[in-house]
Amino acid sequence: MGRVTERRKVLRIRDGAVSTRPDTLVAEEPLEIRLNGKPLAITMRTPGDDFALAAGFLVSEGVLATAADLRNIVYCAGATADGSNTYNVVDVHTAPGVALPDFTLERNVYTTSSCGLCGKASLDAVRTTARWPIADTPPLRVTPELLADLPERLRAAQRVFDRTGGLHAAALFGEDGELLDSREDVGRHNAVDKLVGRALQSDALPLSRTILMVSGRASFELAQKAVMAGIPVLAAVSAPSSLAVDLAAETGLTLVGFLRGTSMNVYAGEHRITLREPAAQG
């Protein structure tokens with residue numbers, strides 16, 4: 001299987017001084033996901049947790065919802081012309097009766113192939129295929145103080161980032177702020193798929209009492225993945241997109257952006273944020 005990191009020689013220039021040295025880079029390789037033997041999607045990813053990534057991707061596609069929907073996942077032997085296994089092709093086998101998506105080349109998929117869809121079509125696709133509508137009853141409640149601690153806890157879990165500086169991360173936290181799981185990948189969406197896939201394999205969906213924290217921005221795709229897994233709170237250290245905010249408002253997702261220190265913006269779902277009562281004016 002491919003390595004998470006690789007070494008390359010670089011020319012290093014610091015204050016005019018020139019030297020050569022090896023540098024640690026994050027590995028990036030394609031992963032082809034097949035469904036019951038048929039090619040479905042290709043994503044660029046950091047090798048590792050490939051089965052979880054594939055399972056999580058299929059949760060976001062609306063194909064898988066429970067561990068019972070999944071029969072097994074295998075690497076495809078003979079993935080190359082000479083019959084060798086590159087560990088870059090996985091085949092997901094579903095249980096009998098699981099509905100399969102359209103396999104045409106022009107798939108109307110709202111996740112990785114959404115460039116041809118308008119905003120309304122994207123929102124409609126999530127609404128009509130979500131197996132786990134956000135239903136945290138009673139609503140999960142979080143304080144700004146708890147949210148403010150999450151970026152540092154996420155950063156502390158980024159072991160490969162410390163060696164490469166080139167990875168995104170995603171983490172699941174409990175409603176008390178406990179770190180439940182974290183994953184890294186060159187693609188932020190892949191890191192989330194790995195988290196959701198691991199939860200599906202453990203039969204832990206929906207993730208209705210959790211907080212999803214991601215490095216970088218909150219795109220529509222990340223908001224969609226949170227909704228499809230039943231996650232009620234998505235927090236990001238950077239900005240959300242307009243369509244991510246629209247999706248959050250429509251589905252009841254709490255969306256927090258620009259989470260840096262004690263500052264943050266709540267774009268939707270503010271009913272889950274517990275605020276201090278304003279001081280009485282005397």
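**Notes on a predicted chain**

Phenylalanine 258 is found in strand S11, residues 254–260; helices (H or I, at least four residues) and strands (E, at least two) are DSSP runs, numbered from the N terminus. Phi of this phenylalanine is near 50 degrees, a positive value in a residue other than glycine. With a relative accessible area of 30%, phenylalanine 258 is partly exposed (buried is under 20% relative accessible area, exposed over 50%, partly exposed in between; 1.4 Å probe, protein chains only).

Some housekeeping. The model is predicted: local features need pLDDT of at least 70 and side-chain atom pairs pLDDT 80 or more, while totals for chains, interfaces and linings use all residues. Residues are numbered from 1 along each chain as its sequence is written, and side-chain values use heavy atoms, without hydrogens or water.

Now the whole chain. The protein chain has seven helices and twelve strands. Of its 282 residues, 48% count as buried. Among contacts (heavy atoms within 4.5 Å) between residues at least 6 apart in sequence, 54% join residues at least 24 apart.

Back to the backbone. Most residues other than glycine have a negative phi, and most peptide bonds are trans.

Where are the cis peptide bonds? One joins threonine 137 and proline 138, with omega about 0 degrees. Proline 138 lies in the loop between helix H2 (119–129) and helix H3 (144–156). Another runs from leucine 205 to proline 206, with omega near 0 degrees. Proline 206 is placed in the loop between H5 and strand S9 (210–214).

Next, helix H6, residues 220–228. Nine of its nine residues are buried, so H6 is largely enclosed by the rest of the structure. The buried residues include Glu221 and Lys225, as well as Phe220, Leu222 and Met228. After H6 comes glycine 230, whose phi is positive, near 75 degrees.

How do H5 and H6 pack? The axes of H5 (residues 188–201) and H6 come within 10 Å and cross at roughly 5 degrees; axes are lines fitted to C-alpha atoms, for helices over the stretch in contact, and angles run from 0 to 180 degrees between N-to-C directions. That makes H5 roughly parallel to H6 (under 35 degrees; over 145 is roughly antiparallel, 65 to 115 roughly perpendicular, the rest oblique). Arg188, His189, Val192 and Asp193 of H5 make the contact with Glu221, Leu222 and Lys225 of H6.

Asparagine 88 is in the loop between strand S5 (70–75) and strand S6 (89–94), and at 14% relative accessibility it counts as buried. Its side chain makes a polar contact of 2.7 Å with that of arginine 45 and another, of 3.3 Å, with that of glutamate 29. A polar contact is a pair of N or O atoms within 3.5 Å; within protein, one must be able to donate a hydrogen and the other to accept it, and residues adjacent in sequence count only if both atoms are side-chain atoms. Not counting residues up to four places away in sequence, asparagine 88 touches Glu29, Pro30, Leu31, Glu32 and Arg45.

Leucine 11, in strand S1 (residues 5–14), is exposed, with a relative accessible area of 57%. Leaving aside neighbours within four places in sequence, leucine 11 is in contact with Val18, Ser19 and Thr20. Its C-alpha atom is separated by 9.5 Å from that of aspartate 23, twelve residues apart along the chain.
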